[in-house]
Amino acid sequence: MAFVENQGARIYWDEQGQGEPVLLIMGLAYPSQMWYRTRPLLASRYRTLALDNRGIGRSDVPPGPYPILLMASDAAAVLDAAGVESAHVFGVSMGGMIAQELALQYPARVRSLILGCTAAGGPTAVRAEPEAIQMLTKREKMSPEEAAEVAVPFIYDPETPRERIDEDIAIRRPWFPSAAGYAAQLQGVFGWEAYSRLGQIAAPTLVIHGESDQLIPPGNANLIAERIPGAKLVMIPHASHLFFTDQPEVANRAIVEFLTVHSDVSEREKAPC
């Protein structure tokens, strides 16, 4: 575990595994521990770097808001601290927005890009139903347990076993966000747009999304994949926003296959047939 100072905040990060670097960026108010279903597999093949975005986990909670551009600079600072010139970058939800901004602001640092359950913002974005937006904006006034529970219908597929959902909540519980950290991140999400710039992204890109996502509707994945040259789109049936919990095997297979194609030959030889 380590910390790096960047623009008024101390950012927590850690690393697991060896090989080509993969930077993991989690979503709104989620700590880096939420990579627990995906990271062990990736760490068996790659050097994984994960950070707590400012406002969550072990990172500082400075006064907000936290623009996506600022959080992208936090991610770049982690790469600097790790001595990594360029990495494969995998972001989900808000982390996918940070990953897009990282690829736009620091293109030489992104070997490939995986954008999970995310959107590109702006007027073209496919909006969630009002109930989902209200859930996001009212959570900061709830207790952490209430906030976690009220989100369940919007982020998990109806077929996902409850015990799997409870596993996720248990992982998050020690790191539930403060009201200030949550609000500062959410303001950054609402104030950001990249759709008009997506054509500038040259990194090989995988866009992956659950078909039943109610928080960030799957139409956003289509918009992103259409705008980024050569992007590959994977839609996962019976998966909602947290597709890596709803359908972990399907998601992990698509992610590993993509990384294998865009890794060095030595790394491809490690991948399963």
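## Helix 2 against helix 3

At what angle do helix 2 (residues 68-81) and helix 3 (residues 94-105) pack, and how many Å apart are their axes? In this predicted model, the angle is about 75 degrees and the axes lie 8 Å apart. Angles of 65 to 115 degrees count as roughly perpendicular, so that is the label for helix 2 and helix 3.

From helix 2, the contact draws on Ile-68, Leu-69, Met-71, Ala-72, Ala-75 and Ala-76. Helix 3 brings Met-94, Met-97, Ile-98, Glu-101, Leu-102 and Gln-105. Sorted by class, this contact of helix 2 with helix 3 comes out as 10 nonpolar residues, one polar and one charged.

Eight of them make up an open sheet with mixed pairing, and the order is 1-2-4-3-5-6-7-8. Strand 1 (2-6) and strand 8 (232-236) sit at the edges, each with pairing on one side only. Going from one strand to the next, the twist averages 20 degrees.

What packs on the sheet? Helix 10 (residues 248-261) does, touching strand 3, strand 5, strand 6, strand 7 (205-210) and strand 8. Its direction makes about 175 degrees with that of strand 7.

## Two strand pairs up close

Strand 1 pairs with strand 2 (residues 9-16) in the antiparallel sense, over five bridges. Asn-6 has Ala-9 of strand 2 as its bridge partner. The two strands form a hairpin with two residues between them, and in that turn Gln-7 has a positive phi of about 45 degrees.

Strand 5 (residues 87-92) and strand 6 (residues 110-116), on the other hand, run parallel and are joined by six bridges. Here Val-89 finds its bridge partner in Leu-113 of strand 6.

## Helix 5 and its two neighbours

Helix 5 (residues 144-155) packs with helix 4 and also with helix 6. Take helix 4 (residues 130-138) to begin with: its axis comes within 10 Å of the axis of helix 5, and the two cross at roughly 150 degrees. Anything over 145 degrees counts as roughly antiparallel, so helix 4 and helix 5 get that description. The crossing is left-handed. Glu-131, Ala-132 and Met-135 of helix 4 make the contact with Val-150, Ala-151 and Phe-154 of helix 5. By class, the contact of helix 4 with helix 5 holds five nonpolar residues, no polar ones and one charged.

With helix 6 (residues 162-172), helix 5 packs at about 140 degrees, the axes being 11 Å apart. That angle makes helix 5 oblique to helix 6. Which hand does the crossing of helix 5 and helix 6 have, left or right? It is right-handed. Ala-148, Glu-149 and Val-152 of helix 5 meet Arg-162, Ile-165, Ile-169 and Arg-172 of helix 6. This contact of helix 5 with helix 6 divides into four nonpolar, no polar and three charged residues.

The protein chain has a mean pLDDT of 95, with 97% of its residues at 70 or more. Confidence is highest in strand 3 (residues 21-25), at a mean of 99, and lowest in helix 11 (residues 265-268), at 44.

Where does pLDDT stay under 50? That happens over residues 265-273, for which the model has 13 contacts beyond four places in sequence. Where pLDDT is low, predicted coordinates should not be read in detail.

Definitions and conventions: Residues are numbered from 1 along each chain as its sequence is written. This is a predicted model: local features need pLDDT of at least 70, side-chain atom pairs count only at pLDDT 80 or more; totals for chains, interfaces and linings use all residues. Side-chain values use heavy atoms; hydrogens and water are left out. pLDDT is the predictor's confidence in each residue, from 0 to 100. Helices (H or I, at least four residues) and strands (E, at least two) are DSSP runs, numbered from the N terminus. Contact means heavy atoms within 4.5 Å. Axes are lines fitted to C-alpha atoms, for helices over the stretch in contact, and angles run from 0 to 180 degrees between N-to-C directions. Angles under 35 degrees count as roughly parallel, over 145 as roughly antiparallel, 65 to 115 as roughly perpendicular and the rest as oblique. Ala, Val, Leu, Ile, Met, Phe, Trp, Tyr, Cys and Pro count as nonpolar, Asp, Glu, Lys and Arg as charged, and the others, Gly among them, as polar. Two strands pair if DSSP finds at least two bridges between them. A crossing is left-handed if the near helix is turned anticlockwise from the far one by less than a right angle, and right-handed if clockwise.
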